[in-house]
Amino acid sequence: MSTSRTKCRSSRRRPRAAALAGIAAVVVAGTIGAVALTAHLTSRDADVRDRPAAAASPAPGAGKRADGRTASPAPSAPSPSASAPAGAGAGTSAPPAPSGSGSGPASGSGSAPGAPAGDGAVSGSPVRVTAQPYTWESPCGQHYLIEKPPSEVGPPPLERDAPAWVAASRAVSAGEQYVTLTLQGSGKETVVLDGLTVRTVGKHAPLAWNDYAMGYPGVGCGAGVPTRSFTVALDAARPAVVPAPDQPDFPFKVSESEPEVFYVKADASKYDVSWYLELSWSSGSRHGTLTIDHNGKPFRTSGLGGRPGYEFPLGGDGWVKAGTTS
């Protein structure tokens, strides 16, 4: 009986020992495989590091090392998460440019009506224009309409200070306006000035404001007619730029070294007129029209309309009614 039990136990142990031996063999094989895989990866990494980095096709001149070899390119930054809110993080792209913001020459290679000519060349135009709308042919002939009583208006300025005085007083040229235009080529090429046209923006009844004269009573005024003088009758149905008597007419030529100065006297008596000028030019196969105004706004000249007039006596301390100074 004892011998029979011993045989039975031995027979049960053999399958268990065989199973344990199989598990051990698998573990050993796995360990050997892992070691082999690690060795393979290590060998491959070393092989990659030893290869020339030029195989990555970096940008020309990028990643140069001190020893003359090309370094491996830096890894690119990860893309922002798709779940990140718009506008968050440095990877957010800038918003698109507004529609119509592209650059390019304006129609006709000039500025649109009402756009300032300023003192620089308009895109595509080879002509530079400086407009001085508050120059005087003579102080005696220059008047301004102002919607203020005499006690609130400063004494007449010198001609060079007229723009600031007009702006502070919100004055409008009365009876006539004398505009000086300086025209110059923006490059070496010669530019032909083909013509000057008047465009009216509005025409209304004369302003019902007070009339202030710039000339001092009793002080003589004199003025000659400079070369390149033109007149504009703003009351006409179709105002036109007309050369003064014995003055040359268009066309003229300008370049960077040979500028021209035009003197335009516009007069109005029946209306309050807003207006601007258009200069037609050509240079070789190029041609266009340049708008001339006052800092993006039209010139403005109003008739006096029999408004109350005031003058400033020489050495006086305030405005008095016109004609009362002895």
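**A predicted fold, residue by residue**

Thr 301 is found in strand β13, where strands (E, at least two residues) and helices (H or I, at least four) are DSSP runs numbered from the N terminus. This is a predicted model, in which local features need pLDDT of at least 70, side-chain atom pairs count only at pLDDT 80 or more, and totals for chains, interfaces and linings use all residues. Residues are numbered from 1 along each chain as its sequence is written, and side-chain values use heavy atoms, with hydrogens and water left out.

Is Thr 301 buried or exposed? Thr 301 counts as buried because its relative accessibility is 0%; the cut-offs are under 20% relative accessible area for buried, over 50% for exposed, and partly exposed in between, with a 1.4 Å probe and protein chains only. The side chain of Thr 301 also makes a polar contact of 3.1 Å with the side chain of Trp 275. A polar contact here is a pair of N or O atoms within 3.5 Å; within protein, one must be able to donate a hydrogen and the other to accept it, and residues adjacent in sequence count only if both atoms are side-chain atoms. Setting aside neighbours within four places in sequence, Thr 301 is in contact (heavy atoms within 4.5 Å) with residues including Ser 173, Gly 175, Leu 234, Ala 266, Tyr 271 and Trp 275.

Two or more lining residues come from each of β1 (127-135), α2 (162-169), β3 (172-174) and β13 (299-302). Which element gives the largest share of the lining? That is α2, with 3 residues. Sorted by class, the lining has 9 nonpolar, 4 polar and 3 charged residues. In this sorting, Ala, Val, Leu, Ile, Met, Phe, Trp, Tyr, Cys and Pro count as nonpolar, Asp, Glu, Lys and Arg as charged, and the others, Gly among them, as polar.

How is such a space found? Rolling a probe the size of a water molecule over the atoms shows where empty space is left.

Zooming out, the protein chain has 2 helices and 15 strands. Of its 326 residues, 30% count as buried. Among contacts with a separation of 6 or more, 76% are between residues 24 or more positions apart. The accessible surface, from the Shrake-Rupley method with a 1.4 Å probe, comes to about 19,800 Å², and 55% of it belongs to carbon and sulfur atoms.

Thr 190 sits in the loop between β4 (176-185) and β5, and its relative accessible area of 45% is why it counts as partly exposed. The C-alpha atoms of Thr 190 and Ser 283 are 6.6 Å apart, although 93 residues separate the two along the chain. Beyond residues up to four places away in sequence, Thr 190 touches Lys 253, Val 254, Ser 255 and Ser 283. Val 192 is in strand β5 itself (residues 191-204) and is likewise partly exposed, at 23% relative accessibility. Its partners, again leaving out residues up to four places away, are Pro 251, Phe 252, Lys 253, Ser 280, Trp 281 and Ser 282.

Pro 251 lies in the loop between β8 (241-243) and β9 (252-254). That loop also holds Asp 246, whose phi is near 65°, a positive value in a residue other than glycine. Asp 246 is exposed, with a relative accessible area of 82%. Asn 295, in the loop between β12 (286-292) and β13, has a positive phi too, near 55°, and is exposed at 61%.
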